[in-house]
Amino acid sequence: MIMQLKRVVLVGGTGFVGRAIANRLGEAGVNVIVPTRHRSRAGHILLLPTVEVVDADVHDPATLERLFAGADAVLSLVGVLHSRSGEPYGPGFARAHVELPKKIVAACRQAGVKRLVHISALGASADGPSEYQRSKAAGEAAIRSTGADLDWVILRPSVIFGRDDRFLNMFARLAAVFPVLPLAGADARFQPVYVEDLAEVVWRSLITADAAGQSFDVAGPSVYTLRQLVEYVSALIGKPRRVIGLPESLGMIQARLLELAPQPLMSRDNLRSMRVDNITAGEPLPFGLRPTALEAVVPSWLGQDTVRASYYPLRRYARR
C-alpha cells in the first residue's frame with residue numbers, strides 16, 4: 001500500500017543528508033518544512049521550490065507541535081558526533097539523540113502526525129563501547145516505546161558518503177597536505193552508503209504503509225577498512241599516501257589532541273565506536289533497492305579523470 005504525502009517536516013534538514021532528502025521529496029512534489037535556528041546554514045536548500053525554511057527552535061515542545069500541525073509525516077535527522085563525556089552518555093548526545101526524539105514523538109501525537117521516520121546509526125547499542133552508540137540506542141528506544149497511534153520507521157545507516165560529505169572529503173584534504181597519514185582505527189571496517197541511496201530509502205519508508213514498526217539497516221554493497229578508504233581517496237586525488245595504523249593507546253592520544261580543535265576531526269569517543277565493525281549482516285538496503293558502489297560515483301568529484309583512478313585500489317578489497 002502506497003501512502004500519499006503532501007507535507008513533511010524535516011527536523012535536522014539543513015545538513016548534507018537533509019539536502020539529499022529534501023531534493024528527493026521535492027522530486028515527488030512534496031512540500032517540505034525545514035526548521036532551523038541558523039538560517040545561514042540552509043542556503044543550499046532555500047532555492048528548492050518545494051522547500052520552506054522556517055526559523056524555529058526544535059528543542060521547544062510547543063514549537064514542534066506548531067510545526068507538525070497539518071503534516072503528513074515527520075523526519076527526524078538530528079545527530080551530533082561530539083559531546084562532553086558522561087555516563088551513559090554526555091549532555092550533547094543526550095540532548096540531540098535522546099531528549100529530542102522524545103519531544104518529537106510527543107509532538108507527533110499532539111499534532112496527529114501518523115508517520116515518523118527516524119534516522120539512527122548502524123551499530124547503535126545500549127551496551128556499545130561509545131557514548132554515541134549508547135545515546136543512539138536510547139533514541140531508538142524512545143521511538144519504539146510510542147503507542148500504536150504513531151507509525152514509526154527507524155533507519156540505521158553506516159557512514160554516509162557523497163559530494164559534500166565530511167568523511168571522504170576530510171581524508172582527501174589531509175592527503176593533500178601530509179605525505180604520511182598516521183591513522184587511529186585503521187583496521188576498523190565500514191560499509192559506506194551513498195547519500196542518494198539513503199534519500200531513496202527515506203522516501204520508500206515514508207510512503208510504504210507496511211514499513212511501519214520496522215527498523216532497517218542502510219549500507220553500501222561493499223566492506224572496506226578505514227585504511228583502504230584513505231588509500232583510495234589519496235590515490236584518487238593524485239596524492240597516494242602511506243597510512244600508518246596506530247595502536248589504540250596512541251590513537252587515543254591523537255584523538256585527545258584533535259578534540260582541542262574548534263571543529264574536531266576525531267574524538268576518543270569516535271575511536272571507541274570503531275571497536276565495533278560498522279557493517280550489516282543482512283541485505284544492505286531495504287525495499288529491494290540496489291546500493292551504489294562507492295567507486296562508481298566518488299571519482300566524479302574527487303578523482304583524476306582516469307580509469308586507473310576510478311578503480312584503484314578498492315577492487316582488490318571489496319568483500320562483495
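A: Helices (H or I, at least four residues) and strands (E, at least two) are DSSP runs, numbered from the N terminus. This is a predicted model, in which local features need pLDDT of at least 70, side-chain atom pairs count only at pLDDT 80 or more, and totals for chains, interfaces and linings use all residues. Residues are numbered from 1 along each chain as its sequence is written, and side-chain values use heavy atoms, with hydrogens and water left out.

Q: Where does Ser267 lie?
A: Ser267 is in the loop that runs between helix 9 and helix 10.

Q: Is Ser267 buried or exposed?
A: Its relative accessible area is 6%, and Ser267 is therefore buried. Buried means under 20% relative accessible area, exposed over 50%, and partly exposed in between (1.4 Å probe, protein chains only).

Q: Which residues is Ser267 in contact with, leaving aside neighbours within four places in sequence?
A: Ser267 is in contact with Leu81, His82, Ala255 and Glu259. Contact means heavy atoms within 4.5 Å.

Q: Ala255 is in helix 9, then; which residues of that helix are buried?
A: The buried residues of helix 9, which covers residues 248-258, are Gly251, Met252 and Ala255. Seen down the helix axis, they fall within an arc of 105 degrees, so they line one face of helix 9. The arc is that of the directions from the helix axis to the C-beta atoms.

Q: What do those buried residues pack against?
A: They pack against strand 8 (180-184), strand 13 (242-246) and helix 10.

Q: And which residues are exposed on the other side of helix 9?
A: Ser249, Ile253 and Leu257 are exposed there.

Q: Turning to helix 10, what about Ser273?
A: Ser273 lies in helix 10, which comprises residues 268-273. Ser273 counts as buried because its relative accessibility is 16%. Not counting residues up to four places away in sequence, Ser273 touches Ser130, Tyr132 and Gln133.

Q: How far is Ser273 from Arg290?
A: Their C-alpha atoms are separated by 27 Å, and the two residues are 17 apart along the chain.

Q: A change of topic: how many helices and strands does the protein chain have?
A: The protein chain has 14 helices and 13 strands.

Q: How much of the chain is buried?
A: Of the 320 residues in the protein chain, 52% are buried.

Q: What does the C-alpha trace span along its principal axes?
A: The C-alpha trace of the protein chain spans about 55 × 45 × 40 Å.
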